[in-house]
Amino acid sequence: MSQPSIPKGTRDFSPEIMVKRNYIFGIIRQAFERFGYMPLETPSMENVETLTGKYGDEGDKLIFRILDSGDYLKEVGDDTLQTRNLNQLTKSIAEKALRYDLTVPFARYVVMNQNKIAFPFKRYQIQPVWRADRPQKGRYREFYQCDADVVGSDSLLNEVELVQIFDEVLTKLKVPSTIKINNRKILYGIAEVAGIADRMMEMTIAIDKLDKIGEDGVIQELRGREFNDDSINVIKGLFGMTGDNESRLNAISVMLRGSETGQKGVDELKSIFKDVQTLGLNDCEIELDITLARGLNYYTGAIFEVKAKNVQMGSICGGGRYDDLTGIFGLKGVSGVGISFGADRIFDVMSELNVFPSGTDSTTQVLFVNFGKEEELYCMKLLRDIRKAGINAEIFPEAAKMKKQFKYADDKGIPFVATVGTDEMSKGQVSLKNMKTGDQKMISVDDMIEAIKS
RNA sequence: GUGGUCGUAGCUCAGCUGGUAGAGCUCCAGAUUGUGGUUCUGGCUGUCGUGGGUUCGAGCCCCAUCGAUCACCCCA
(Lines give C-alpha, C1' and ligand atoms only; values in the text may rest on other atoms or scores of the structure.)
Protein backbone atom coordinates (compact mmCIF):
# COMPACT_ATOMS: atom_id res chain seq x y z
CA MET A 1 0.00 0.00 0.00
CA SER A 2 1.79 3.14 -1.17
CA GLN A 3 -0.78 5.78 -0.19
CA PRO A 4 -2.21 5.18 3.27
CA SER A 5 -5.98 5.42 3.54
CA ILE A 6 -8.86 4.57 5.82
CA PRO A 7 -11.87 2.32 5.10
CA LYS A 8 -14.82 3.73 3.23
CA GLY A 9 -17.26 5.64 5.38
CA THR A 10 -14.85 6.07 8.30
CA ARG A 11 -13.14 9.26 9.40
CA ASP A 12 -10.21 10.55 11.38
CA PHE A 13 -11.09 13.22 13.89
CA SER A 14 -8.46 15.94 14.14
CA PRO A 15 -7.74 17.61 17.49
CA GLU A 16 -9.72 20.68 16.39
CA ILE A 17 -12.73 18.49 15.61
CA MET A 18 -12.35 16.35 18.72
CA VAL A 19 -12.54 19.40 20.97
CA LYS A 20 -15.90 20.24 19.41
CA ARG A 21 -17.11 16.63 19.47
CA ASN A 22 -16.22 16.31 23.12
CA TYR A 23 -18.18 19.46 23.80
CA ILE A 24 -21.27 17.81 22.28
CA PHE A 25 -20.73 14.53 24.14
CA GLY A 26 -20.24 16.48 27.36
CA ILE A 27 -23.57 18.30 27.07
CA ILE A 28 -25.39 15.07 26.27
CA ARG A 29 -23.72 13.13 29.08
CA GLN A 30 -24.49 15.89 31.56
CA ALA A 31 -28.18 15.90 30.59
CA PHE A 32 -28.44 12.12 30.86
CA GLU A 33 -26.93 12.13 34.31
CA ARG A 34 -29.10 15.06 35.35
CA PHE A 35 -32.13 12.88 34.64
CA GLY A 36 -30.79 9.95 36.61
CA TYR A 37 -29.30 7.74 33.90
CA MET A 38 -26.13 5.77 34.65
CA PRO A 39 -23.34 4.98 32.20
CA LEU A 40 -22.94 1.58 30.55
CA GLU A 41 -20.51 0.22 27.98
CA THR A 42 -20.79 -3.00 26.03
CA PRO A 43 -18.24 -4.65 23.70
CA SER A 44 -17.76 -3.44 20.14
CA MET A 45 -18.50 -6.95 18.97
CA GLU A 46 -21.39 -9.20 19.82
CA ASN A 47 -22.19 -12.77 18.89
CA VAL A 48 -23.79 -12.73 15.47
CA GLU A 49 -26.99 -14.39 16.74
CA THR A 50 -27.43 -11.56 19.25
CA LEU A 51 -27.77 -9.07 16.42
CA THR A 52 -29.39 -10.89 13.52
CA GLY A 53 -33.13 -10.79 13.16
CA LYS A 54 -33.51 -7.65 15.27
CA TYR A 55 -33.36 -5.02 12.57
CA GLY A 56 -35.39 -6.55 9.74
CA ASP A 57 -34.05 -8.09 6.55
CA GLU A 58 -32.48 -4.83 5.38
CA GLY A 59 -30.83 -4.33 8.73
CA ASP A 60 -29.32 -7.80 8.75
CA LYS A 61 -27.56 -7.06 5.49
CA LEU A 62 -25.93 -4.01 7.02
CA ILE A 63 -24.31 -5.85 9.92
CA PHE A 64 -20.51 -6.01 9.73
CA ARG A 65 -19.37 -9.54 10.40
CA ILE A 66 -15.96 -10.41 11.79
CA LEU A 67 -14.10 -13.24 10.17
CA ASP A 68 -13.14 -15.99 12.61
CA SER A 69 -9.48 -16.37 13.43
CA GLY A 70 -7.38 -19.35 12.45
CA ASP A 71 -8.26 -21.89 9.79
CA TYR A 72 -11.88 -20.88 9.59
CA LEU A 73 -12.59 -22.96 6.49
CA LYS A 74 -11.73 -26.20 8.25
CA GLU A 75 -15.20 -26.69 9.68
CA VAL A 76 -17.06 -25.64 6.55
CA GLY A 77 -18.75 -28.49 4.72
CA ASP A 78 -17.80 -29.03 1.08
CA ASP A 79 -21.42 -28.80 0.01
CA THR A 80 -21.68 -25.33 1.56
CA LEU A 81 -18.69 -24.21 -0.47
CA GLN A 82 -19.89 -25.99 -3.59
CA THR A 83 -23.36 -24.49 -3.55
CA ARG A 84 -21.96 -21.06 -2.63
CA ASN A 85 -24.60 -20.79 0.06
CA LEU A 86 -23.72 -17.41 1.47
CA ASN A 87 -25.96 -17.54 4.55
CA GLN A 88 -24.68 -20.94 5.50
CA LEU A 89 -21.10 -19.93 4.84
CA THR A 90 -21.12 -16.68 6.82
CA LYS A 91 -22.70 -18.51 9.74
CA SER A 92 -19.84 -20.95 9.86
CA ILE A 93 -16.96 -18.54 9.33
CA ALA A 94 -18.11 -15.49 11.30
CA GLU A 95 -19.35 -15.93 14.83
CA LYS A 96 -18.84 -12.29 15.86
CA ALA A 97 -20.18 -9.03 14.45
CA LEU A 98 -19.78 -5.32 15.17
CA ARG A 99 -22.67 -3.79 17.03
CA TYR A 100 -25.28 -2.17 14.82
CA ASP A 101 -26.89 -0.03 17.49
CA LEU A 102 -26.78 0.32 21.26
CA THR A 103 -30.31 -0.81 22.09
CA VAL A 104 -30.00 -4.49 21.28
CA PRO A 105 -26.73 -4.95 23.19
CA PHE A 106 -28.42 -3.13 26.05
CA ALA A 107 -31.36 -5.55 25.96
CA ARG A 108 -28.89 -8.42 25.95
CA TYR A 109 -27.14 -6.92 28.95
CA VAL A 110 -30.41 -6.50 30.84
CA VAL A 111 -31.37 -10.12 30.26
CA MET A 112 -27.96 -11.40 31.28
CA ASN A 113 -27.99 -9.33 34.46
CA GLN A 114 -31.68 -9.38 35.30
CA ASN A 115 -31.05 -10.61 38.82
CA LYS A 116 -28.54 -7.89 39.67
CA ILE A 117 -30.40 -4.96 38.18
CA ALA A 118 -32.71 -2.73 40.18
CA PHE A 119 -35.73 -1.87 38.04
CA PRO A 120 -36.64 0.49 36.56
CA PHE A 121 -33.16 0.45 35.09
CA LYS A 122 -31.99 3.71 33.55
CA ARG A 123 -28.78 3.65 31.59
CA TYR A 124 -27.02 5.80 29.03
CA GLN A 125 -24.42 4.66 26.57
CA ILE A 126 -22.18 6.71 24.27
CA GLN A 127 -20.28 4.47 21.89
CA PRO A 128 -19.68 3.98 18.17
CA VAL A 129 -21.82 1.67 16.06
CA TRP A 130 -21.13 0.24 12.61
CA ARG A 131 -23.30 -0.21 9.57
CA ALA A 132 -22.23 -1.59 6.20
CA ASP A 133 -24.28 1.04 4.44
CA ARG A 134 -23.12 2.90 1.38
CA PRO A 135 -21.90 6.24 2.72
CA GLN A 136 -23.47 9.53 1.67
CA LYS A 137 -24.20 12.94 3.12
CA GLY A 138 -24.53 12.66 6.89
CA ARG A 139 -24.19 8.92 6.64
CA TYR A 140 -21.17 7.00 7.78
CA ARG A 141 -20.14 3.40 8.31
CA GLU A 142 -18.85 4.16 11.77
CA PHE A 143 -20.69 6.71 13.86
CA TYR A 144 -21.52 7.47 17.46
CA GLN A 145 -24.84 7.02 19.11
CA CYS A 146 -25.70 8.51 22.47
CA ASP A 147 -28.53 6.47 23.93
CA ALA A 148 -30.58 6.78 27.08
CA ASP A 149 -33.07 4.02 27.85
CA VAL A 150 -35.21 3.03 30.78
CA VAL A 151 -36.53 -0.51 31.07
CA GLY A 152 -38.95 -1.98 33.53
CA SER A 153 -41.40 0.90 33.59
CA ASP A 154 -44.60 1.35 31.58
CA SER A 155 -45.15 4.88 32.81
CA LEU A 156 -45.57 7.58 30.23
CA LEU A 157 -43.65 9.82 32.60
CA ASN A 158 -40.55 8.35 30.97
CA GLU A 159 -41.63 9.53 27.53
CA VAL A 160 -42.25 13.00 28.90
CA GLU A 161 -38.81 13.12 30.52
CA LEU A 162 -37.12 11.91 27.37
CA VAL A 163 -38.75 14.75 25.47
CA GLN A 164 -37.37 17.09 28.10
CA ILE A 165 -33.89 15.65 27.56
CA PHE A 166 -34.16 16.27 23.81
CA ASP A 167 -35.16 19.83 24.55
CA GLU A 168 -32.49 20.45 27.19
CA VAL A 169 -29.62 19.12 25.07
CA LEU A 170 -30.64 20.72 21.80
CA THR A 171 -31.36 24.03 23.49
CA LYS A 172 -27.92 24.03 25.12
CA LEU A 173 -26.27 23.12 21.82
CA LYS A 174 -28.16 25.97 20.12
CA VAL A 175 -29.83 23.62 17.67
CA PRO A 176 -33.53 24.48 17.85
CA SER A 177 -35.44 21.47 16.61
CA THR A 178 -38.81 19.92 16.05
CA ILE A 179 -39.47 16.80 18.07
CA LYS A 180 -41.82 14.69 16.00
CA ILE A 181 -43.79 12.10 17.82
CA ASN A 182 -46.13 9.33 16.77
CA ASN A 183 -47.32 6.04 18.17
CA ARG A 184 -47.04 2.62 16.64
CA LYS A 185 -50.42 1.72 18.13
CA ILE A 186 -51.99 4.46 16.03
CA LEU A 187 -50.28 3.13 12.94
CA TYR A 188 -51.56 -0.31 13.80
CA GLY A 189 -55.03 1.13 14.32
CA ILE A 190 -54.96 2.73 10.89
CA ALA A 191 -53.91 -0.55 9.34
CA GLU A 192 -56.64 -2.30 11.28
CA VAL A 193 -59.34 0.12 10.16
CA ALA A 194 -58.06 -0.13 6.60
CA GLY A 195 -58.31 -3.90 6.83
CA ILE A 196 -54.58 -4.46 6.35
CA ALA A 197 -53.44 -5.12 9.91
CA ASP A 198 -51.14 -7.88 8.75
CA ARG A 199 -49.32 -5.49 6.44
CA MET A 200 -48.79 -2.61 8.82
CA MET A 201 -45.03 -2.47 8.23
CA GLU A 202 -45.46 -2.11 4.50
CA MET A 203 -48.05 0.58 5.00
CA THR A 204 -45.89 2.60 7.38
CA ILE A 205 -42.88 2.45 5.07
CA ALA A 206 -45.04 3.98 2.36
CA ILE A 207 -46.64 6.76 4.41
CA ASP A 208 -43.32 7.56 6.06
CA LYS A 209 -42.25 8.98 2.70
CA LEU A 210 -45.05 11.56 2.60
CA ASP A 211 -42.88 14.65 3.04
CA LYS A 212 -40.44 13.32 0.47
CA ILE A 213 -42.65 12.10 -2.36
CA GLY A 214 -45.99 13.76 -1.55
CA GLU A 215 -49.52 12.40 -1.38
CA ASP A 216 -49.60 11.16 -4.95
CA GLY A 217 -46.26 9.45 -4.48
CA VAL A 218 -47.48 7.62 -1.41
CA ILE A 219 -50.67 6.53 -3.13
CA GLN A 220 -48.65 5.31 -6.08
CA GLU A 221 -46.36 3.40 -3.77
CA LEU A 222 -49.35 1.81 -2.01
CA ARG A 223 -50.82 0.81 -5.36
CA GLY A 224 -47.44 -0.61 -6.31
CA ARG A 225 -47.61 -2.75 -3.20
CA GLU A 226 -51.04 -3.92 -4.31
CA PHE A 227 -53.14 -2.43 -1.59
CA ASN A 228 -56.80 -2.18 -2.65
CA ASP A 229 -58.68 1.09 -3.12
CA ASP A 230 -60.71 0.76 0.07
CA SER A 231 -57.56 0.55 2.15
CA ILE A 232 -55.94 3.39 0.27
CA ASN A 233 -58.98 5.58 0.83
CA VAL A 234 -58.75 5.07 4.56
CA ILE A 235 -55.08 6.01 4.50
CA LYS A 236 -55.88 9.06 2.37
CA GLY A 237 -57.97 10.31 5.26
CA LEU A 238 -54.72 11.03 7.11
CA PHE A 239 -53.42 13.50 4.58
CA GLY A 240 -56.18 16.07 4.98
CA MET A 241 -55.69 16.53 8.70
CA THR A 242 -54.75 20.03 9.78
CA GLY A 243 -54.76 22.09 12.95
CA ASP A 244 -52.79 21.79 16.15
CA ASN A 245 -51.65 18.57 17.76
CA GLU A 246 -54.76 18.20 19.88
CA SER A 247 -57.34 18.72 17.18
CA ARG A 248 -55.56 16.34 14.86
CA LEU A 249 -55.43 13.73 17.61
CA ASN A 250 -59.16 14.15 18.06
CA ALA A 251 -59.72 13.67 14.35
CA ILE A 252 -57.62 10.51 14.42
CA SER A 253 -59.51 9.28 17.42
CA VAL A 254 -62.75 9.54 15.44
CA MET A 255 -61.18 7.82 12.48
CA LEU A 256 -59.92 4.97 14.66
CA ARG A 257 -63.07 4.41 16.69
CA GLY A 258 -63.17 0.86 15.41
CA SER A 259 -59.71 0.03 16.75
CA GLU A 260 -59.08 -0.52 20.42
CA THR A 261 -55.32 -0.48 19.95
CA GLY A 262 -55.54 2.71 17.94
CA GLN A 263 -57.53 4.42 20.69
CA LYS A 264 -54.93 3.39 23.20
CA GLY A 265 -52.26 4.99 21.08
CA VAL A 266 -54.27 8.21 20.85
CA ASP A 267 -54.74 8.27 24.62
CA GLU A 268 -51.03 7.77 25.20
CA LEU A 269 -50.10 10.63 22.93
CA LYS A 270 -52.73 12.90 24.43
CA SER A 271 -51.28 12.27 27.87
CA ILE A 272 -47.73 12.96 26.70
CA PHE A 273 -48.73 16.16 24.91
CA LYS A 274 -50.67 17.40 27.91
CA ASP A 275 -47.76 16.89 30.28
CA VAL A 276 -45.19 18.36 27.94
CA GLN A 277 -47.39 21.38 27.41
CA THR A 278 -47.86 21.89 31.13
CA LEU A 279 -44.14 21.64 31.80
CA GLY A 280 -43.11 23.68 28.77
CA LEU A 281 -40.10 23.37 26.47
CA ASN A 282 -37.20 25.73 25.80
CA ASP A 283 -36.10 26.06 22.17
CA CYS A 284 -37.70 22.91 20.80
CA GLU A 285 -41.23 22.25 19.79
CA ILE A 286 -43.14 19.02 19.79
CA GLU A 287 -45.29 18.03 16.88
CA LEU A 288 -47.55 15.14 16.09
CA ASP A 289 -46.45 13.51 12.86
CA ILE A 290 -48.82 10.74 11.95
CA THR A 291 -46.64 9.68 9.02
CA LEU A 292 -43.63 9.05 11.22
CA ALA A 293 -42.87 5.34 11.09
CA ARG A 294 -39.19 4.71 11.84
CA GLY A 295 -37.55 1.60 10.63
CA LEU A 296 -36.69 -0.36 13.70
CA ASN A 297 -39.04 -3.26 14.04
CA TYR A 298 -39.13 -3.48 17.79
CA TYR A 299 -40.96 -0.22 18.53
CA THR A 300 -44.47 -0.76 19.87
CA GLY A 301 -45.62 2.53 21.42
CA ALA A 302 -44.43 6.10 21.14
CA ILE A 303 -41.87 6.84 18.45
CA PHE A 304 -39.69 9.94 18.27
CA GLU A 305 -37.71 11.59 15.59
CA VAL A 306 -36.00 14.96 15.82
CA LYS A 307 -35.23 17.28 12.94
CA ALA A 308 -33.16 20.42 13.27
CA LYS A 309 -34.87 23.56 12.04
CA ASN A 310 -33.37 25.59 9.18
CA VAL A 311 -30.98 22.86 8.08
CA GLN A 312 -31.14 20.34 5.30
CA MET A 313 -30.31 17.15 7.18
CA GLY A 314 -31.96 13.86 8.01
CA SER A 315 -33.14 13.23 11.55
CA ILE A 316 -30.58 14.00 14.24
CA CYS A 317 -32.22 11.98 17.01
CA GLY A 318 -34.63 9.11 17.31
CA GLY A 319 -36.25 6.85 19.82
CA GLY A 320 -39.32 5.04 20.95
CA ARG A 321 -40.96 2.52 23.21
CA TYR A 322 -40.47 -1.19 22.79
CA ASP A 323 -42.61 -3.55 24.82
CA ASP A 324 -40.82 -6.77 24.24
CA LEU A 325 -37.22 -6.24 23.22
CA THR A 326 -35.86 -8.38 26.02
CA GLY A 327 -38.42 -11.06 25.16
CA ILE A 328 -36.24 -12.16 22.26
CA PHE A 329 -33.56 -12.99 24.79
CA GLY A 330 -35.95 -14.78 27.10
CA LEU A 331 -37.09 -12.07 29.52
CA LYS A 332 -40.77 -11.38 29.00
CA GLY A 333 -42.89 -8.50 30.17
CA VAL A 334 -40.22 -5.84 30.47
CA SER A 335 -41.18 -2.66 28.65
CA GLY A 336 -38.61 -0.07 27.73
CA VAL A 337 -38.36 3.31 26.12
CA GLY A 338 -35.31 5.13 24.90
CA ILE A 339 -33.83 7.87 22.78
CA SER A 340 -30.70 8.30 20.76
CA PHE A 341 -28.70 11.36 19.75
CA GLY A 342 -26.81 11.15 16.46
CA ALA A 343 -23.70 13.03 17.52
CA ASP A 344 -22.14 13.05 14.07
CA ARG A 345 -25.13 14.67 12.46
CA ILE A 346 -25.51 17.11 15.33
CA PHE A 347 -21.88 18.07 14.71
CA ASP A 348 -22.60 18.66 11.03
CA VAL A 349 -25.67 20.73 11.86
CA MET A 350 -23.78 22.83 14.41
CA SER A 351 -20.99 23.44 11.91
CA GLU A 352 -23.51 24.58 9.35
CA LEU A 353 -25.29 26.86 11.83
CA ASN A 354 -21.93 28.01 13.20
CA VAL A 355 -23.07 27.71 16.82
CA PHE A 356 -19.99 26.27 18.53
CA PRO A 357 -19.17 28.57 21.45
CA SER A 358 -15.77 30.22 21.72
CA GLY A 359 -13.48 28.01 23.72
CA THR A 360 -14.21 25.02 21.52
CA ASP A 361 -11.34 25.98 19.20
CA SER A 362 -8.56 24.97 21.54
CA THR A 363 -8.12 23.30 24.89
CA THR A 364 -5.06 25.45 25.66
CA GLN A 365 -6.02 28.78 27.19
CA VAL A 366 -2.65 30.49 27.30
CA LEU A 367 0.72 30.06 25.58
CA PHE A 368 3.96 31.31 27.13
CA VAL A 369 6.51 32.67 24.71
CA ASN A 370 9.96 31.12 25.06
CA PHE A 371 12.91 33.57 25.10
CA GLY A 372 15.68 31.23 26.19
CA LYS A 373 16.98 29.04 28.99
CA GLU A 374 16.72 31.55 31.83
CA GLU A 375 13.24 32.87 30.98
CA GLU A 376 12.08 29.35 30.20
CA LEU A 377 12.65 28.06 33.70
CA TYR A 378 11.06 31.18 35.19
CA CYS A 379 7.98 30.60 33.04
CA MET A 380 7.77 26.97 33.99
CA LYS A 381 7.44 27.98 37.62
CA LEU A 382 4.61 30.30 36.65
CA LEU A 383 3.06 27.49 34.61
CA ARG A 384 3.06 25.21 37.63
CA ASP A 385 1.06 27.79 39.57
CA ILE A 386 -1.48 28.71 36.93
CA ARG A 387 -2.05 25.07 36.02
CA LYS A 388 -2.76 24.47 39.68
CA ALA A 389 -5.28 27.29 39.41
CA GLY A 390 -7.11 25.23 36.78
CA ILE A 391 -5.88 26.90 33.61
CA ASN A 392 -4.72 24.90 30.60
CA ALA A 393 -1.34 26.35 29.70
CA GLU A 394 1.74 25.52 27.68
CA ILE A 395 5.08 27.04 26.80
CA PHE A 396 6.59 26.93 23.34
CA PRO A 397 9.26 24.25 23.73
CA GLU A 398 12.10 26.20 22.08
CA ALA A 399 13.27 29.76 21.79
CA ALA A 400 12.08 30.23 18.23
CA LYS A 401 11.38 33.57 16.61
CA MET A 402 8.51 35.46 18.18
CA LYS A 403 6.71 35.49 14.88
CA LYS A 404 6.76 31.74 14.81
CA GLN A 405 5.58 31.40 18.40
CA PHE A 406 2.71 33.85 17.97
CA LYS A 407 1.73 32.16 14.76
CA TYR A 408 1.64 28.84 16.59
CA ALA A 409 -0.82 30.31 19.10
CA ASP A 410 -2.87 31.80 16.30
CA ASP A 411 -3.00 28.56 14.31
CA LYS A 412 -4.02 26.59 17.38
CA GLY A 413 -6.69 29.10 18.32
CA ILE A 414 -5.13 29.75 21.73
CA PRO A 415 -6.92 32.84 23.12
CA PHE A 416 -4.06 34.32 25.21
CA VAL A 417 -0.29 34.66 24.85
CA ALA A 418 1.90 35.50 27.83
CA THR A 419 5.23 37.16 27.14
CA VAL A 420 7.80 37.07 29.95
CA GLY A 421 11.24 38.51 29.21
CA THR A 422 13.85 40.20 31.40
CA ASP A 423 11.67 43.29 31.77
CA GLU A 424 8.68 41.38 33.11
CA MET A 425 10.86 39.15 35.26
CA SER A 426 12.41 42.13 37.02
CA LYS A 427 8.95 43.54 37.74
CA GLY A 428 7.46 40.18 38.69
CA GLN A 429 4.75 40.59 36.09
CA VAL A 430 3.70 39.14 32.74
CA SER A 431 2.62 40.75 29.48
CA LEU A 432 -0.67 39.15 28.53
CA LYS A 433 -1.99 39.55 25.03
CA ASN A 434 -5.58 38.82 24.06
CA MET A 435 -5.21 37.27 20.62
CA LYS A 436 -8.72 38.11 19.57
CA THR A 437 -8.76 41.82 20.42
CA GLY A 438 -5.01 42.39 20.13
CA ASP A 439 -4.91 44.14 23.52
CA GLN A 440 -1.79 43.65 25.60
CA LYS A 441 -1.18 44.61 29.23
CA MET A 442 1.57 44.05 31.75
CA ILE A 443 -0.12 42.61 34.85
CA SER A 444 0.52 40.41 37.87
CA VAL A 445 0.19 36.64 37.71
CA ASP A 446 -2.95 36.72 39.85
CA ASP A 447 -4.54 39.27 37.54
CA MET A 448 -3.59 37.11 34.59
CA ILE A 449 -5.37 34.12 36.10
CA GLU A 450 -8.42 36.30 36.66
CA ALA A 451 -8.31 37.64 33.11
CA ILE A 452 -8.06 34.19 31.54
CA LYS A 453 -10.80 32.73 33.69
CA SER A 454 -13.32 35.44 32.94
C1' G B 1 -27.60 -3.92 -3.12
C1' U B 2 -29.17 -0.43 -7.84
C1' G B 3 -28.15 4.04 -10.73
C1' G B 4 -25.76 9.06 -11.91
C1' U B 5 -21.49 12.51 -11.48
C1' C B 6 -16.39 13.23 -10.51
C1' G B 7 -10.72 11.91 -9.50
C1' U B 8 -4.93 17.30 -12.17
C1' A B 9 0.09 20.76 -6.45
C1' G B 10 -1.32 20.38 0.77
C1' C B 11 -6.61 22.75 -0.61
C1' U B 12 -10.21 24.80 -4.52
C1' C B 13 -10.04 24.27 -9.48
C1' A B 14 -8.39 25.71 -15.05
C1' G B 15 -6.20 22.93 -19.03
C1' C B 16 -8.79 24.25 -26.67
C1' U B 17 -11.50 18.68 -31.89
C1' G B 18 -5.11 14.48 -28.52
C1' G B 19 1.12 17.94 -29.26
C1' U B 20 5.38 16.14 -22.93
C1' A B 21 1.00 20.98 -17.02
C1' G B 22 -1.20 26.26 -14.89
C1' A B 23 -3.99 29.92 -11.42
C1' G B 24 -5.68 31.32 -6.63
C1' C B 25 -5.27 30.01 -1.65
C1' U B 26 -2.10 27.41 1.81
C1' C B 27 2.95 26.59 3.17
C1' C B 28 8.20 28.42 3.72
C1' A B 29 11.62 32.74 3.83
C1' G B 30 12.27 38.04 4.05
C1' A B 31 10.41 43.34 4.78
C1' U B 32 9.79 43.68 11.00
C1' U B 33 16.58 40.91 16.08
C1' G B 34 9.89 41.50 21.90
C1' U B 35 4.33 40.21 18.76
C1' G B 36 0.01 36.40 15.29
C1' G B 37 -4.28 37.48 12.24
C1' U B 38 -4.00 42.51 7.61
C1' U B 39 -0.08 44.39 3.59
C1' C B 40 4.30 43.89 0.24
C1' U B 41 8.47 40.87 -1.98
C1' G B 42 10.62 36.21 -3.17
C1' G B 43 10.50 30.72 -3.14
C1' C B 44 8.95 25.25 -2.89
C1' U B 45 5.27 21.91 -4.54
C1' G B 46 2.96 17.20 -9.34
C1' U B 47 3.97 8.80 -10.99
C1' C B 48 -2.49 14.22 -13.99
C1' G B 49 -6.28 8.08 -8.63
C1' U B 50 -4.24 3.06 -10.34
C1' G B 51 -3.48 -0.75 -14.24
C1' G B 52 -3.92 -1.83 -19.22
C1' G B 53 -5.29 -0.45 -24.48
C1' U B 54 -5.57 2.87 -29.11
C1' U B 55 -1.88 6.44 -31.19
C1' C B 56 4.28 8.78 -33.90
C1' G B 57 2.38 11.18 -29.37
C1' A B 58 -2.78 10.54 -23.98
C1' G B 59 -4.37 14.93 -18.36
C1' C B 60 -7.82 14.59 -22.72
C1' C B 61 -10.15 8.76 -26.39
C1' C B 62 -11.40 3.20 -24.91
C1' C B 63 -11.58 -0.84 -21.09
C1' A B 64 -10.88 -2.33 -16.17
C1' U B 65 -10.10 -1.19 -11.15
C1' C B 66 -9.96 1.74 -6.69
C1' G B 67 -11.69 6.06 -4.24
C1' A B 68 -14.97 10.32 -3.51
C1' U B 69 -19.77 12.19 -4.02
C1' C B 70 -25.17 12.35 -4.94
C1' A B 71 -29.84 9.80 -5.45
C1' C B 72 -32.76 5.14 -4.58
C1' C B 73 -33.42 1.19 -0.79
C1' C B 74 -32.82 1.73 4.25
C1' C B 75 -31.30 4.77 8.15
C1' A B 76 -28.36 8.41 13.11
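A salt bridge is a side-chain nitrogen of Lys or Arg within 4 Å of a carboxyl oxygen of Asp or Glu, and by that rule Arg199, Glu202, Lys209, Glu221 and Arg225 are linked in a network of salt bridges. This is a predicted model, in which local features need pLDDT of at least 70 and side-chain atom pairs count only at pLDDT 80 or more, while totals for chains, interfaces and linings use all residues. Residues are numbered from 1 along each chain as its sequence is written, and side-chain values use heavy atoms, with hydrogens and water left out.

**Salt bridges**

- A search of the whole structure finds 24 salt bridges.
- Asp361 and Lys20 meet through their side chains in a salt bridge of 3.3 Å, N to O; because Asp361 lies in the loop between helix H14 (343–353) and E12, and Lys20 in helix H1 (residues 15–34), the pair ties together parts that are 341 residues apart in sequence.
- With buried meaning under 20% relative accessible area, exposed over 50% and partly exposed in between (1.4 Å probe, protein chains only), Asp361 is partly exposed at 43%, whereas Lys20 is buried at 16%.
- Asp149 and Arg123 also form a salt bridge, at 2.8 Å from N to O, and this pair joins strand E6 (residues 142–151), which holds Asp149, to strand E5 (residues 121–130), which holds Arg123.
- Asp149 is buried, with 2% relative accessibility, and Arg123 is likewise buried, at 0%.

**The sheet and its helices**

- Helices (H or I, at least four residues) and strands (E, at least two) are DSSP runs, numbered from the N terminus.
- Five strands form an open sheet of mixed pairing in the order E13-E12-E14-E15-E16, where two strands pair if DSSP finds at least two bridges between them.
- Strand E13 (393–395) and strand E16 (440–443) stand at the edges with a single partner strand each, so one side of each is left without a neighbour in the sheet.
- Strand E15 (residues 430–434) runs antiparallel to E16 and is joined to it by four bridges, and Val430 has Ile443 in E16 as its bridge partner.
- Helix H15 (residues 373–388) lies across strand E12 (366–368), E13 and E15, running at about 170° to E13, with axes fitted to C-alpha atoms (for helices over the stretch in contact, meaning heavy atoms within 4.5 Å) and angles from 0 to 180 degrees between N-to-C directions.
- Helix H18 (residues 445–453) lies across E12, strand E14 (416–419), E15 and E16, at about 15° to E15.

Terms used:
Chains are lettered from A and ligands numbered from 1 in the order in which they are written.
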